[in-house]
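The sequence and the model are shown first, and the description follows.

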Amino acid sequence: MSLFMLTVIGLMGQTKISGIVKDSSTEKEIYNLNVLMVETGEEVQTDRIGYFQFVDVPEGTYTIRISGVGYQGIERTVRTSGERIVDLGDLYVTFNPASDAMGVITLTEDELDADETSSQSSAGLLQSSRDVFDRTAAFELGAYWFKVRGYDNRYNDVFFNGVRMNKIYNNRVNYGNWGGLNDVTRRPYEQTSGINPSEFAFGSVGGTTYIDTRPSLMRKGASLAYSFTNRSYNQRVLATYNTGMMKNGWAIMGSFARRWAEEGVIEGTFYDSWAYYLGIEKKINNHHTLTLTGFGSPTRRSTNSPNTQEIYDLMGKDYNAYWGWQDGEKRSERIRKFHEPIGLLTHYWTINNKSKLTTTLGYQFGKDSRSRLDWNNTNNPSPTYYRNLPSYYESLDNTTPELMDWVYYRWRNDQTFSQIDWSDIYNQNYNRGDGGAAYVLAGDVTEDKVWTATSIFKSELTDNIKYTIGLTYQNTNSHLYREVIDLLGGHHFVNYDDFENVSYNTDEEAGREVGEGDKYQYDYEMRHQHSNLFTQFEIAAGKFDFTIGAKASYTSVYRFGNYRHEQYMDNSKGKSKTYDFWNFGGKAQVLYKLDGRNFLQLNTMYMNYAPTTDEIFPNARSNDYTVDENNFTSGAHNLKSPQVFSSDLSYIIRAPRVKGRLSGFYTKFFDEYEKNFGYIDEGGGSSNLFAADYTYNIDKQFIGGELALEAQLTSTITLSAVASVGQYTYANNPSHQRFSDSRNLNDIDLEISTVGATAPQTTYLKNYRVANGPQQGYSLGLQYRSPKFWWIGATANYLAANYLDPAPFRRTPAVWGNSTPQDFPEGFAESFLTQEKFSDEFMLNVNVGKTFRIGRYFAGISASVNNVLNNRDYVTGGFEQIRVGSLQVLADNPSYAKIFGPKLWYDRGRSYFINAFFRF
């Protein structure tokens, strides 16, 4: 009887909280919005009549947060004290197209694990998985390196509690620093696409992602997940526990992830990554909250090589030149190892019901190392070195059929020839005895120490005017050097350039012997300071909503060399000149509400921004010369801040069964920089040099249109259609120079060669296509969602207008020498200069899944398969080699067109991802 009474009393203390969510303009009920009970982490969705409910809610005070794609979120505080039902009645939310891009970040694993290069797709990394266009760009087109509006991923800004994560040397983000922490990062506090305004930053043309690490904002309870895939890694485990906000004002959340593969889908690759997160939040009172956050992801993984078409035809499209057998195990020379943990201390101050101030102190440190074989006075160990290729042997005058049979046989049957021969490397080092090793495994290392202080103030001037002011200071000390990782059985290595016969550091003993862990070849620091002021006003005026923003920033950069290079005695060691950049920007959005379902939206933005450290110092490993500070260009004004103007116009429809957007956009970049490295042969082998191929004053134009439609055909079947058509081109003929330590720089005297730069010349790039992935993408999808919580979907994708990255040097007058087109066979020069267009390709994706509710617990399983038809003809990217530096060299050696053909990457073929989770 006592037990029965206790049960009745307990049940009497349980409450049901319910409400109906409606559109404030149309007063129509809204389907499929997210309703979160913050304190418990329980989340439900509104049904067809906008209704939601939470059952069995204990007595207490709760925050109900309502959010969804295209709507401004709202919160309501509810207190229960024994009543059985709390009816919140009608709750109104306001439609805002700018919030269409908010949702779940999809960190596609192949993209997350890629190096921070321009080939990395920003679609899957930054776009939402809810808005139909952004979702498709991420899950479907983005899986094949499609980039929204063709923008390089350096134009995407990522913030944690206001701390910007983009690197100073290339302005890109290393997403691997929090790789695997999906429970922490998958639901950003804010996410904007394109030049849509952000509440927290001015942003760039690619959009802004802002992640708030407070445990109280994330799901309460425990979550376990396991994934199985055939992508960069094979298996993943994820475990998370969040107390939620407890009665004592504390909230604590921890998350752990592990991803690994003994061998990935590409032979000779592996993956070994851990990840951790700890968030501690203390609510001091209703006005002040402190959060301490720490997270990181120690990772070690190998990469795979791009190859020429000759190699792919010979060895297949999974061939990887970076590994070889050692003692019965596969060993890779190209291993990236990094761990750059991040700590954040954030103070949230609710000044009153209209004003809030958020302040964060952040510190990031750690080491990022990329290994490769280095050698001294011996042969290149790469199996794809050009003198190992069949086409090279075919070009020799004394080649016989028997020799060619032998070459092809060795490539196909002898892995000491077709892969790295580690045994030969160890034998050569052993045979040198106490002399300097022929080969070492070297690491190019970056050690960053980044301090950040940021503060964001948000307030309301009136009921219809909001404003934001943000101030940030960031100080980065980046230490870059090369170190010996493994002597590979050798006694020592020598810190000396035997090819150029110069010392890397004249302040040390000549021929200094270096061992494992020692620095050599280059050692310098980049000191970078950046301050930024951002302000924004949001004005609601009847049918019009206006957003106006502005920013001002100051950047200071200098190089500090630790080595005195023999070729640059006065411009290598110590502090360089300090380079200062003042930058400004403005942006505006006008939203016109035709009615509650139809909207017009105009965005426009202009800004300039400081160049990166890689762009300021073209050959920073050896000297501190810039494009304005060498014998050719002293006193020039080419080192300037790049600029961008961007505008887009959209029509948006939000009908009960149809949602869509039609957009046109125009973006132009001015005074940009590009840098590539490679060997250049200007004289049939007599004047080989390794150079930084440096192009500046580049203008680019991006113009195109986007169409996205989502139609609810029935209550369970949804049709989606997306089209993106663009034309992304170089808009001028920029300037070009080569920076090199070689004494063989062409057509310059010895005095000028000591500055390590050639004379500026024009590279004729105008109207060439910018190689940032497919410039056209089309997708048609159909999905069935059962009322019993399972779904299945399929999407057909078509990718077109994908181009090879052109080498700027090949479009300069230098490649002509004293020749004219008449000196070569008809069409010869045109074939050399024509930009290659890759084939258009069709890709099919499918996905299926089911979720379960087991009492108060949730579980689910899902599977997705990309490239179902296993299309291996799709080229995801590629670049021209710059080795052929003269048309005359190519005319004299026609085989060079094949030997030094473009380096390509192909799609990996059919891939799958299976995930299961359990939440309690």
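## A partly exposed isoleucine

In this predicted model, Ile854 has a relative accessibility of 48% and therefore counts as partly exposed, since that class lies between the limit of under 20% for buried and that of over 50% for exposed. Ile854 belongs to strand 42.

## The nonpolar patch

Ile854 is one of the residues of a nonpolar patch on the surface. Two or more residues of the patch come from each of strand 12 (221–229), strand 42 (841–854) and strand 43 (857–866). Strand 12 makes the greatest contribution to the patch, with 3 residues.

## The second largest pocket

The second largest pocket holds about 480 Å³ of space. Its lining consists of 20 residues, and those nearest the centre are Phe270, Arg300, Ser332, Ile335 and Ser371. Sorted by class, the lining contains 8 charged, 7 polar and 5 nonpolar residues.

At least two residues each are supplied by strand 17 (299–302), strand 19 (329–332), strand 20 (335–339), strand 22 (356–375) and strand 24 (465–486). Which strand gives the most to the lining of the second largest pocket? Strand 20 does, with 4 residues.

Methods. Residues are numbered from 1 along each chain as its sequence is written. This is a predicted model: local features need pLDDT of at least 70, side-chain atom pairs count only at pLDDT 80 or more; totals for chains, interfaces and linings use all residues. Side-chain values use heavy atoms; hydrogens and water are left out. On a 1 Å grid over the protein atoms alone, a cavity is a set of points where a 1.4 Å probe fits but cannot get out, and a pocket is an open set with protein on both sides within 12 Å along at least five of seven lines; lining residues have an atom within 4 Å of a point. Grid points are joined across faces, edges and corners, and a volume is the space filled by probe spheres set on the points. Ala, Val, Leu, Ile, Met, Phe, Trp, Tyr, Cys and Pro count as nonpolar, Asp, Glu, Lys and Arg as charged, and the others, Gly among them, as polar. Patches are made of residues with over 30% relative accessible area and no salt bridge: like charges are joined within 9 Å, nonpolar side chains (Val, Leu, Ile, Met, Phe, Trp, Tyr) within 5 Å. Accessible areas come from the Shrake-Rupley method with a 1.4 Å probe; for residues, only the protein chains shown count as cover. A salt bridge is a side-chain nitrogen of Lys or Arg within 4 Å of a carboxyl oxygen of Asp or Glu. Buried means under 20% relative accessible area, exposed over 50%, partly exposed in between (1.4 Å probe, protein chains only).
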